[in-house]
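Thanks for coming. I will take the domains and the interface between them, and then a few residues in one loop. Please look at the model on the screen.

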Amino acid sequence: MSSNLGEAGGFLRTLPHLDAPDVQVTASPAMFLDEGLTAPYDHAFMLGPTLLRPTSRGKVSLRTTMPGSEPRIVHNYLTTEEDRQTAVRGVQMLLEVAEQPAFKAHRRAPLSVPESESEADVLRFARRVMNSLFHPVGTCAIGGVVDPRLRVLGVDGLRVVDASVMPTLVRGNTNAATIMIGEKAADLIRGHAR
Ligand SMILES: Cc1cc2nc3c(=O)[nH]c(=O)nc-3n(C[C@H](O)[C@H](O)[C@H](O)COP(=O)(O)OP(=O)(O)OC[C@H]3O[C@@H](n4cnc5c(N)ncnc54)[C@H](O)[C@@H]3O)c2cc1C
């Protein structure tokens, strides 16, 4: 556990006609259990699919009017048929990858896999084990809450500059894109950009 775990990755089109990948693969050379909260108890490798363009929409709202109160966060994962189908195809493709000789040579026992590769079993499995890859965006989306110069609509002198202004996910990890938004916002505020 001396690495960031996500040591290998890739991008998949789960349907041949897609013009861009819809699933990101994260591969780790160790157990990653309960979002890292449970210690690994043996050697393992794991492969996980992440939906890059989920159509399910979560929600962040206030619990109280006190600014210090924690917000209510509802993820709503897999609430659209499209997302359920993509998740199923992503898991099925990674099961196939794990069957290849290079991986098979290192496998002993399954750690966290569906009962079978059938759609119903894979979906049940996805619902049970699915968690976040920590890339939430869109709660203050450009066009909805802020304008393209990141100014909050209807409020003077207030901008939002963070991952929440992305209207959709960037088909990948969000940190670099967020840094870019910060740099762009600095230029906008200083009047160095249009
Ligand atoms: C566990 C985890 C792993 C991740 N791994 C990756 C990765 O490998 N690659 C990648 O690209 N992205 C990764 N991400 C996503 C990436 O970290 C985020 O997309 C990015 O940090 C978002 O930047 P942000 O500025 O919107 O929010 P944040 O980075 O969360 O910044 C918000 C800041 O506001 C501060 N803050 C909060 N409340 C207040 C307050 N009331 N007053 C003052 N300050 C406040 C917080 O302390 C924090 O510094 C990961 C995220 C998590 C949680």
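Two notes on sources. This is a predicted model, where local features need pLDDT of at least 70 and side-chain atom pairs count only at pLDDT 80 or more, while totals for chains, interfaces and linings use all residues. Residues are numbered from 1 along each chain as its sequence is written, and side-chain values use heavy atoms, with hydrogens and water left out.

Now the interface. In contact, meaning heavy atoms within 4.5 Å, are 9 residues of domain 1 and 6 residues of domain 2. How much area is buried between domain 1 and domain 2? About 670 Å², with carbon and sulfur atoms giving 50% of that. Buried area here is the accessible area (1.4 Å probe) that two parts lose on being put together, summed over both. On the domain 1 side, Gln24, Leu52 and Arg53 supply 58% of the area buried against domain 2, more than any other three residues.

Next, the polar side of it. There are 0 salt bridges between domain 1 and domain 2, a salt bridge being a side-chain nitrogen of Lys or Arg within 4 Å of a carboxyl oxygen of Asp or Glu. The rule does find 3 residue pairs in polar contact across the interface, both residues at pLDDT 80 or more. A polar contact is a pair of N or O atoms within 3.5 Å; within protein, one must be able to donate a hydrogen and the other to accept it, and residues adjacent in sequence count only if both atoms are side-chain atoms.

On to the loop. Leu150 lies between helix H3 (119-129) and helix H4 (175-190); helices are DSSP runs (H or I, at least four residues), numbered from the N terminus. Most residues other than glycine have a negative phi. Leu150 is not a glycine, yet has a positive phi of about 70°. Arg171, in the loop between H3 and H4, also has a positive phi, near 55°.

Is Leu150 buried or exposed? Leu150 is buried, at a relative accessible area of 5%, whereas Arg171 is partly exposed at 28%. Buried means under 20% relative accessible area, exposed over 50%, and partly exposed in between (1.4 Å probe, protein chains only).

Last, Ser164, found in the loop between H3 and H4. Ser164 counts as buried at 10% relative accessibility, and its side chain makes a polar contact with the side chain of Asp162 at 2.5 Å.

Terms used. Helix = DSSP H or I, 4+ residues; strand = E, 2+ residues; numbered from the N terminus.
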